[in-house]
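Visitor: Could you show me the model, then take my questions one at a time?

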Amino acid sequence: MSVLMIGLDGATFTLLNMFCEQGVTPFLKSLIDGGTKAGLMSTRNPLTPPAWTSMTTGRSPEAHGIYDFLRPSFLNDGSVYLKVNDSRYNHSETLWSMANRGGLRATALNFYGHAPAPKIDGYVISGFVPWKYLRQGIHPAGLFDEIKGLNTLDYKNLGMDIGEEKKCVQGLLEGEHEDWIELQNVRDAAWADVTCMLMNKDRTDITAVVLDGPDKIQHLFWRFLDPEYASEDDDEWVEEMRARSIDFYRGMDENIRKMVEAAGPDTDVLIVSDHGFGPTTEIFYVNEWLSRNGYLTWSNVAENDDVGQLTAEKIKDHLGMIDWKKTKAFSPTPSSNAIYLKKDFGNGVGVTEDDYLDFCLKLRDELLNITDPVNGEKIVTAVDLNKMRGTGFVEPCPDLTLHLRDGGFVSILHADEVLKQREHPDGTHRPEGVFIGYGPSFEQGKHVDALNLLDMTPLMLTLLGLPVPNDLEGRVPLEVLKGDREVKKAAKTVTVETAEDDNEPTEEEREALLKQMKILGYMD
């Protein structure tokens, strides 16, 4: 029995149910009708890097150490440096490695943080790699030249083409929306074609691919997709954008069909998303709030944001806004929705170990009491104290994770107000994604309670007939499977060695990632 996992980044039943009913996604509807459907709960901060990593390791971010796209590194002079999270920072064994240890082969395509490509028995093409550096994200090495030589697709569509996408860094201008939608159509089709090519050429026991187009479309086009924002007064251009946005999902449906049919009827198919989606209508300037409450000091180069952005244009500007020697608490990136505390190493700046608990509790209570000056509603609805959960954690673990009332990302910029309204609603992440199971092993026409993405690695191991390591944090959701399924147990996952300071990404790679994050809406 083989497994095909199709990841739809950011997919939500809020839209997919509607598109199935309207006939936009007929093939997907056939999978739901003939299979099992459930919500799929994401990581504490529902974000691409931690969520896909947890999905494919069966471990939480505190165990694998991938909390965000970037990770703060604390320097001796008290300043902070941001590094790019990649495969060398993942402390947990991957599903691909577990399959290999069980004598099976694996293919992993377009997953975040897979560069440098792990040398598994199978195939890897990492996602989130600029096309100029794509070779280092591909295994085996000869696969790069093979794909580059294909006449059926342009290999550059598998990478981040900043030359094409940088015009969107500050949002799409008039006349650019159509090209942006088409770019996502082309890229997702390229990943689907490569998936089919590899399955037809040398099918491995498990094939997994992520299509990230849904996330990109929903970040920028949510107001055109969500019927809540439709109006009888919408002009012709708005109607055209709505039609083009919806048409993207017709292409997505076709990509899914091609891959499922290439896999064949003996394959168990999982369609999953790393998180859900919904609207965001406001911006909370968390570092500005920290500054006004004595936790952070701006540097003399920090300028007020007057256009509704979430971060600076470049990483060096991103870091230069803060006077680190006078700062105790800060948020390093919008996508983290987190606050990190600086330790006091005897210089009087930061938080001592003895004061840590009281400091965190005080800061949490103050955050939970921030109110909207217009209606008095709480802006921060929950604060997680990540290092006080009674479990271990891999550093650099965020000290506090914030949950905002509208589900959006924080802004880390200097501003004249702590809370601002967006000009138009954008899309942002929600905790509940999608799960669809289809194939010989799955119940038909069944809808079960929400699963957790930590359940996906145990489930796929079981579908492959492999034992489930006893240190995985999820379970095998037997309610989605036919009959009585035996769950084999195994010893712990293998220890993963990390080489955290070797071959750091270039400055160009870091800037490329930052631009891509802004394009995707993680940093407006």
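**A walk through the fold**

Guide: Strand 12 and strand 14 run antiparallel and are joined by two bridges. This is a predicted model, where local features need pLDDT of at least 70, side-chain atom pairs count only at pLDDT 80 or more, and totals for chains, interfaces and linings use all residues. Residues are numbered from 1 along each chain as its sequence is written, and side-chain values use heavy atoms, with hydrogens and water left out. Helices (H or I, at least four residues) and strands (E, at least two) are DSSP runs, numbered from the N terminus.

Visitor: Which residue stands opposite Ile339 in strand 14?
Guide: Two strands pair if DSSP finds at least two bridges between them. Strand 12 and strand 14 have two bridges. The residue in strand 14 that stands opposite Ile339 is Leu400.

Visitor: Which strands stand at the edges of the sheet?
Guide: Four strands form an open sheet, paired antiparallel, in the order 11-12-14-13. Each edge strand has a single partner strand, so one side of each is left without a neighbour in the sheet. The edges are strand 11 (329–330) and strand 13.

Visitor: What angle does the direction of helix 13 make with that of strand 13?
Guide: Helix 13 packs on the sheet and touches strand 12, strand 13 and strand 14. Contact means heavy atoms within 4.5 Å. Axes are lines fitted to C-alpha atoms, for helices over the stretch in contact, and angles run from 0 to 180 degrees between N-to-C directions. The angle is about 165 degrees.

Visitor: How far apart are the end C-alpha atoms of helix 13?
Guide: Helix 13 (residues 356–368) has 13 residues. The expected span is 1.5 Å times one less than the number of residues. That gives 18 Å, and the model agrees: the ends are apart by 18 Å.

Visitor: Which side chain joins that of His414 in a polar contact of 2.6 Å?
Guide: His414 sits in the loop between strand 14 and strand 15 (419–430). His414 is buried, at a relative accessible area of 19%. A polar contact is a pair of N or O atoms within 3.5 Å; within protein, one must be able to donate a hydrogen and the other to accept it, and residues adjacent in sequence count only if both atoms are side-chain atoms. The His414 side chain makes one with the side chain of Asn304 at 3.5 Å, and the 2.6 Å partner is Glu288.

Visitor: How far is Trp324 from Ser79 in space, C-alpha to C-alpha?
Guide: Trp324 is in the loop between helix 12 (315–320) and strand 11. Trp324 is buried, with a relative accessible area of 10%. Beyond four places in sequence, Trp324 touches residues including Gly78, Ser79 and Val80. Trp324 and Ser79 are 245 residues apart in sequence, yet their C-alpha separation is 5.1 Å.

Visitor: Which residue of strand 6 stands opposite Thr107?
Guide: Strand 5 (residues 106–109) is covered on both faces, with Thr107 and Leu109 buried on one side and Ala106 and Ala108 on the other. Strand 5 pairs with strand 6 (residues 122–125) in the parallel sense over four bridges. Opposite Thr107 stands Tyr123.

Methods: Buried means under 20% relative accessible area, exposed over 50%, partly exposed in between (1.4 Å probe, protein chains only).
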